Number of protein chains: 2
Amino acid sequence: MTQLSGEAAAHRDATVGVAVDVVPLAIDDGRLHAALVPVVNGRERGRLAFPGGRVRESESLDAAAGRWLERHLPGSDAHVEQLYTFGEPGRDPASRVVSVAYLALLARPMAAPGIVWHPCDALPHLAYDHAAIARVAIERLRGKLAYTNLAFALIGRTFTLAELQQVYEAVLGRPLDRRNFRKRVLSLGLLTPLAETRHGAHRPARLYRFAVRRPIDLAMAGERTHG
Amino acid sequence: MTQLSGEAAAHRDATVGVAVDVVPLAIDDGRLHAALVPVVNGRERGRLAFPGGRVRESESLDAAAGRWLERHLPGSDAHVEQLYTFGEPGRDPASRVVSVAYLALLARPMAAPGIVWHPCDALPHLAYDHAAIARVAIERLRGKLAYTNLAFALIGRTFTLAELQQVYEAVLGRPLDRRNFRKRVLSLGLLTPLAETRHGAHRPARLYRFAVRRPIDLAMAGERTHG
DNA sequence: CCAGTATGCGTATCTGATACGCAAAGTGGA
DNA sequence: TCCACTTTGCGTATCAGATACGCATACTGG
């Protein structure tokens, strides 16, 4: 906020509410999926929406996002980061609510009561402005995948290169060349090869894990002049 | 907002206020500057902060940002875009306020009553968490300059390549090679050469203008595989 | 008219992205 | 047992863009 120069005092006109909406995303069967819950009250009852709700006076926005995620997907151990804030006056027909949207990346689409996982390329009609939130979420994820190690949040602790490639293909929505993908991802130095291999129907594949499982911005290293 | 399953109803517990803070940035003398105003009330009185204040019930967040910018820098004709939302419970000692921060890019550091322009690489001690807001703003601007045409907002309608280069150097904080800058920026096809030239102490320089003066994402064109 | 400086253009080189060939290492069926 | 088949793993050729840098051009000012 800041200085209330001539404006209403801090405790007055608290007519604008604050909420968070969490967009849980995970890969399933080579496709990106989003977790939705049915709306229980109001004019939008019955429609699907992202988990979310009011921010308490004593909690931070990040804490509120974590709390609402935990309520609907308990123990999900997701990577959560702020996405964008939606505050059009008419976005909730009941009252004026500003919603801080969050991205939550899960290693797997875990089941939970009331939760429905939908493929992101064919979402149903969502409540409120959640279709716009979904668009921004997927767009952001696509962008960040290219210059961060964010993929670690969408895959288990150990994985083969083919499995990691499936994550990228699911998010980007297009096929990648196996051999170039291998070179690229290994040259970044983010992966640690393990001694074990995964045995399937054919040649066993080496297992890897991410050296660091927290967000790293790769653009910092290779500084770009541009301009 | 969203479903208020078991939570307090929409009109109750409106104890969290919503505000916007605008970070006005402009280039002056080859350096990036930010516009600040003194805080007039509360414990932080006298310190400098970014322009901002409460969001009205009937206005959108973008409209609130534009209103507070217009109040302090009337007629600035800035490019305004949402930055990040800050909502730590203790960020304002007076009351719980969530602030949606906005970036405002100006072609020149225009003067206005009460406004103080400070170089971004040597900001004074700011009120509230505005130092963090400033960091995020500059970081975001640096990032977006590399893959958008956002520079159009930080320069006048017509300019020489040397002047445009100064904008990039001021934001990025490091010198660029003249000849490579020229090639890069011209190959992007964003600039339209004009017939006129600007005459100074030496060889006259051709004037250019941005073909489009609204944000364009360049990464969309050259799609990156990565992986 | 010449020294000085900024503009404008071109070339060589390096790095990274892309396209694609091919051997290696397993499984499963004949 | 062995061979067809599939997936993994590695290498090479080529191309586009980034970077380093040389140099002529076109003005001003003394």
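**A strand and its partners**

Let's start with a pairing in chain B: strand S1 (residues 17-28) and strand S2 are antiparallel and joined by four bridges. Two strands count as paired if DSSP finds at least two bridges between them. Strands here are DSSP runs of E with at least two residues, helices are runs of H or I with at least four, and both are numbered from the N terminus.

Before going further, a word on the model and its labels. This is a predicted model, where local features need pLDDT of at least 70 and side-chain atom pairs count only at pLDDT 80 or more, while totals for chains, interfaces and linings use all residues. Residues are numbered from 1 along each chain as its sequence is written, and chains are lettered from A and ligands numbered from 1 in the order in which they are written.

Back to S1(B) and S2(B): they form a hairpin with two residues between them. In that turn, B:Asp29 has a positive phi of about 55°. Across the pairing, B:Asp28 sits opposite B:Arg31 of S2(B).

How enclosed is S2(B)? Six of its eight residues (31-38) are buried, so the strand is largely enclosed by the rest of the structure. A residue is called buried if 20 or more other C-beta atoms lie within 10 Å of its own, exposed if 12 or fewer, and partly exposed in between, with C-beta atoms placed from the backbone.

**The core**

The largest nonpolar core has 120 residues, and those with the most contacts inside it are A:Val23, A:Leu25, B:Val23 and B:Leu25. Such a core is a set of buried Ala, Val, Leu, Ile, Met, Phe, Trp, Tyr and Cys residues joined through C-beta atoms within 7 Å. Leaving aside residues up to four places away in sequence, A:Val23 touches several others, among them A:Ala34, A:Phe50, A:Leu83 and A:Ile133. Contact means that two C-beta atoms, placed from the backbone, lie within 7 Å.

**Two helices in chain B**

Helices H3 (residues 161-172) and H4 (residues 178-187) of chain B pack at about 95°, their axes 11 Å apart. Axes are lines fitted to C-alpha atoms, for helices over the stretch in contact, and angles run from 0 to 180 degrees between N-to-C directions. H3(B) and H4(B) are therefore roughly perpendicular; angles under 35 degrees count as roughly parallel, over 145 as roughly antiparallel, 65 to 115 as roughly perpendicular and the rest as oblique. From H3(B), B:Leu161, B:Leu164 and B:Gln165 make the contact, and from H4(B) it is B:Arg178, B:Phe181, B:Arg182 and B:Val185.

**A look at chain A**

Chain A has four helices and nine strands. Of its 227 residues, 38% are buried. Its C-alpha trace spans about 65 × 45 × 30 Å along the principal axes. A:Ser58 is exposed, with 11 other C-beta atoms within 10 Å.
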